[in-house]
Amino acid sequence: MIVGAGFAGYQTARTLSRKLRGAAEIVLVNPNDYFLYLPLLPEVSAGILEPRRVSVSLAGTLPRVRLVLGEVHSVDLDGRSITYTDPEDRERQMGYDRLVLTVGSVNKLLPIPGVAEHARGFRGMPEALYLRDHISRQIALAAEEEDPRERQARCTFVVVGAGYTGTEVAAHGKMFTDSLARQHARGPGGMRADARPRWILMDIADRVLPGLDEKLAQTAHRVLRKRGVDVRTQTSVKEATKDGVLLSTGETLPTRSLIWCVGVRPDPLVEQLGLPTERGRLLVDEYLNVPGHPDVFACGDAAAVPDLTKPGQYTPMTAQHAHRQGKTAANNVAASYGIGTRRPYKHSDLGFVVDLGGLQAAANPLGIPLSGPIANLVTRGYHLAAMPGNRIRVAADWALDAVLRRQAVQLGVLHPSSVPLDTSSPETARLPGGPETSPSAA
């Protein structure tokens with residue numbers, strides 16, 4: 001049984017299905033019927049890619065895996081069973097022989113007044129779809145607004161967290177809002193000159209992409225500045241309200257858009273297991289086994305995996321590690337049944353790619369620093385190679401975006417309460433008034 005269909009869970013299921021070839025039943029429990037290719041989510045929020053392009057069907061690509069729709073909320077390690085809630089809120093139980101926990105991560109929260117109520121995260125498809133609608137709505141409302149202060153507030157977008165996700169959201173978002181502003185400016189009474197979209201990217205660190213290569217950071221910073229993004233380092237949010245944010249510098253920014261990308265934390269299910277953790281991540285050995293429980297494995301963001309290339313450290317929470325840990329977990333599960341031999345997880349980073357929109361990107365494949373169109377080509381090639389499906393559709397959307405005007409319509413399918421920041425399941429939209437729609441939930 002595999003719990004969670006992120007990078008680690010999907011790869012575990014895929015590799016196991018190929019190794020076992022029907023010799024054992026493989027069950028994958030996940031709230032949705034798709035694997036979300038998270039690195040391309042900023043392009044969904046910016047109207048470049050359609051949602052289904054980055055949503056790979058689990059049933060369609062994992063033919064020898066039984067998919068169970070549900071959200072697991074407890075695990076009985078002694079009784080070897082899980083309890084989950086299906087999409088119709090029915091509680092069910094299921095036993096297992098081997099368990100692989102790949103529950104991933106959720107938005108990281110900080111004790112800052114007003115953030116849980118007024119900020120929106122960026123960890124799931126509902127949040128990306130809401131943000132796309134919200135951005136389009138704010139620009140449309142700004143075009144009709146008579147009050148200059150209100151008009152500028154609606155045109156101001158604040159992204160907190162200049163890591164991988166925040167940098168890409170700001171880079172793509174600025175291009176998207178500039179396109180929207182041009183469309184609204186075409187007719188009489190359209191966008192005024194003082195209503196130019198303004199994007200502010202901030203981080204408490206002293207540079208953007210603080211966890212990545214410094215040359216990548218310099219390239220990203222240069223592109224963002226040239227595009228008009230206001231990059232503020234060593235700056236954080238002190239308080240958030242419905243009208244704006246108070247910064248640690250004492251400045252108040254009127255805005256209706258606070259996008260929270262400060263990082264992630266392991267899924268809350270890890271805490272409920274009552275097992276040893278490291279900074280909230282479930283401790284495992286180099287074989288991805290949970291100590292004391294030979295039938296339980298864990299990998300991905302929810303697991304603290306020893307980094308054998310850096311003794312004494314744990315592997316970072318990245319898609320690259322999760323993907324490869326999934327393969328190792330599958331190999332070691334098969335080995336526990338006598339198929340093959342188990343092996344420790346050991347992998348060195350092969351580099352990172354950061355898509356900055358248009359023809360701009362920053363990449364360092366195998367440590368070689370690249371920027372501009374060449375980096376963009378490498379970045380898109382990497383994503384197409386890494387995606388387990390939908391490659392032609394993604395490439396087609398990219399080609400259409402290069403020659404056609406960006407589509408900007410508000411679908412209006414999600415209410416702000418449907419995408420709370422404090423949620424244990426960012427991949428699932430909440431119904432207004434339902435569970436986890438309040439900041440205190442989860």
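Okay, let's start with a pairing: strand 15, residues 244–247, is joined to strand 16 by 3 bridges, and the two run antiparallel. Strands here are DSSP E runs of at least two residues, helices are H or I runs of at least four, and both are numbered from the N terminus. Two strands count as paired if DSSP finds at least two bridges between them.

Before I go on, this is a predicted model, so local features need pLDDT of at least 70, side-chain atom pairs count only at pLDDT 80 or more, and totals for chains, interfaces and linings use all residues. Residues are numbered from 1 along each chain as its sequence is written, and side-chain values use heavy atoms, with hydrogens and water left out.

Back to that pair. Opposite V245 you'll find L253 in strand 16. Both strands belong to an open sheet of 3 strands, ordered 14-15-16, with antiparallel pairing. At the edges sit strand 14 (237–241) and strand 16 (252–254), each pairing on one side only. From one strand to the next, the twist averages 15°. For angles, by the way, axes are lines fitted to C-alpha atoms, for helices over the stretch in contact, and the angles run from 0 to 180 degrees between N-to-C directions.

Let's walk through its two neighbours. Strand 6, residues 71–76, is joined to strand 7 by 5 bridges, running antiparallel. V72 stands opposite Y84, and D76 has S81 as its bridge partner. These two strands make a hairpin with 4 residues between them, and R80 in the turn has a positive phi of about 50°.

Okay, helices. Helix 11 (372–386) and helix 12 (391–403) pack at an angle of about 155°, with their axes 9 Å apart. They're therefore roughly antiparallel to each other; the cut-offs are under 35 degrees for roughly parallel, over 145 for roughly antiparallel, 65 to 115 for roughly perpendicular, and oblique for the rest.

Which residues make the contact? From helix 11 we have R380, H383, L384 and A385, and from helix 12 R391, V394, A395 and W398. Contact means heavy atoms within 4.5 Å. By class, that's 5 nonpolar, 1 polar and 2 charged residues. Nonpolar covers Ala, Val, Leu, Ile, Met, Phe, Trp, Tyr, Cys and Pro, charged is Asp, Glu, Lys and Arg, and the others, Gly among them, are polar.

Last stop: L129, in helix 5, residues 125–144. Leaving out residues up to four places away in sequence, L129 touches V44, P51 and L414. V44 is 85 residues from L129 along the chain, yet their C-alpha atoms are separated by 7.2 Å.
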